[in-house]
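Subject: Structure handover

Hello,

Here is the structure I promised you. Please open it and keep it beside this email as you read.

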Amino acid sequence: MRAFVALVAREVRLAWTGGGLWLPVVFYLAVATLFPFVTGPDKALLARTGGGILWIAALLATLLPIERLILPDRQSGVLDQLALRGWSDELVATAKIAGQMVAFALPLLLATIVGAALIGLPEAQMGTLLLGLALALPALSGLSVMIAALTAGLNGASALGGLLLVPITIPLLIFGAGTLTEDPGNAMQLLAATSLAITALSPFAAGAALRAGRI
Amino acid sequence: MSLRQAPLPSLNVDNVAVMRGNRMVLRGLSIAARSGDIIWIRGANGCGKSTLMRLVAGLLAVTSGAVHAEGRIALADENLALDANMTVEAALRFWADMDGASTNVRDAALMDMDLQDLANIPVRFLSTGQRKRASIARVLASQADIWLMDEPYNGLDSASCARLDQAMLAHTASGGIVLVAAHQPPSINVAHSLLLDTQGTAA
């Protein structure tokens, strides 16, 4: 257990020192800043569409850290050393996902408060947005690690990552945007269920990809 | 001391064949190493030395045959596995903590590879030889029973080579096993030397 915590802490540290922490946050806030320029200062329109835009920004921000999640560790032999010590690939993937939840999901959630203020979302919707993103971000963390493991070492890994991410995140986006209504209850439950399924499956998919990539 | 109360380390590679990318890299290879053995593996480039190392480490699956290792394994190959932005000491500490090694063991490993002066330097600033020494120190600090050293002499100056030989000697004297793949012979007595030919068979 101590070793697992050490590995998660390493992930967070690498994100902190390698720019993986700020890049998604800056991207996310940039979208929130730029969006009102496109629509104009129509408060009602921003309130109606702003939440959805933040959802899309959060999904796309997932792609930003993937290049540094798996490939550097494979190239430097860290994955080999962990496997040598008896770590299963699924456990390594789980540690990386947990690290992403701290180093990616948490900052993004905090940035949502700023982003929602920039767009001028009504307060009631901001709570719903935060809750919805909090439910979806574990799934997005899992997906980023899974996609990173699948595409590590391939040419055009980023483009491929985008292709992989979009179809898998469509349910999250539909239910997530569905929560931004007067009555978010049902959509929130479906969002939670979808997120749970993706989060639970991603370590196994990522682990299998890590195993297949070991040559 | 409790570490050594486990059964004596041993390593048995039994009639192993390995296929990589439609090519037979190793075939009909057997090794029997007992506690205290240093086995020198040599052979031309591409004859399967590194494959053998990864196989024993459990990172590759055999196509046929069996590998059985009794005891913990440590591997030093061309990959450093130390975080480039961390200091040498901190990067080594990460693995030493994983392996449950004490501070004393870690300091001794740094000392044995003459890395004390480099302890506070980030790994990315190390030279080729210094990086090699750091990866050897990682193996030393692991307290593993079986050391797999893949081309450990590459880039080392003669003083560092002597330090490495000394460390391998001390390890085997305390009951460990060392597999060393190298083009130059270790200056210490090896129990067996295994010459691989280009077909990956023991010649």
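In what order do the five strands of the open sheet in chain B run? The order is β5-β6-β7-β3-β8, with parallel pairing. Strands pair if DSSP finds at least two bridges between them. Strands (E, at least two residues) and helices (H or I, at least four) are DSSP runs, numbered from the N terminus.

First, some ground rules. This is a predicted model: local features need pLDDT of at least 70, side-chain atom pairs count only at pLDDT 80 or more, and totals for chains, interfaces and linings use all residues. Residues are numbered from 1 along each chain as its sequence is written, while chains are lettered from A and ligands numbered from 1 in the order in which they are written.

Axes here are lines fitted to C-alpha atoms, for helices over the stretch in contact, and angles run from 0 to 180 degrees between N-to-C directions.

β5(B) pairs with β6 (146-150) of chain B in the parallel sense, over four bridges. There, B:Leu75 has B:Leu148 as its bridge partner in β6(B). α4(B) packs on the sheet and touches β5 and β6 of chain B. Its direction makes about 175° with that of β5(B).

Next, look at helix α3 (103-112) of chain B. Its buried residues are B:Arg106, B:Ala109 and B:Leu110. Buried means that 20 or more other C-beta atoms, placed from the backbone, lie within 10 Å of the residue's own. Why do they sit on the same side of α3(B)? Because they cover an arc of only 100° around the axis. The arc is that of the directions from the helix axis to the C-beta atoms. These buried residues pack against α2 (88-98) and α4 (128-142) of chain B. Just after α3(B), B:Asp114 takes a positive phi of about 55°.

Now the two chains. 13 residues of chain A are in contact with 14 residues of chain B. Contact means C-beta atoms, placed from the backbone, within 7 Å. On the chain A side, α5(A) gives the largest share, five residues.

Best wishes

Technical notes. Two residues are in contact if their C-beta atoms, placed from the backbone, lie within 7 Å. A residue is buried if 20 or more other C-beta atoms lie within 10 Å of its own, exposed if 12 or fewer, and partly exposed in between; C-beta atoms are placed from the backbone.
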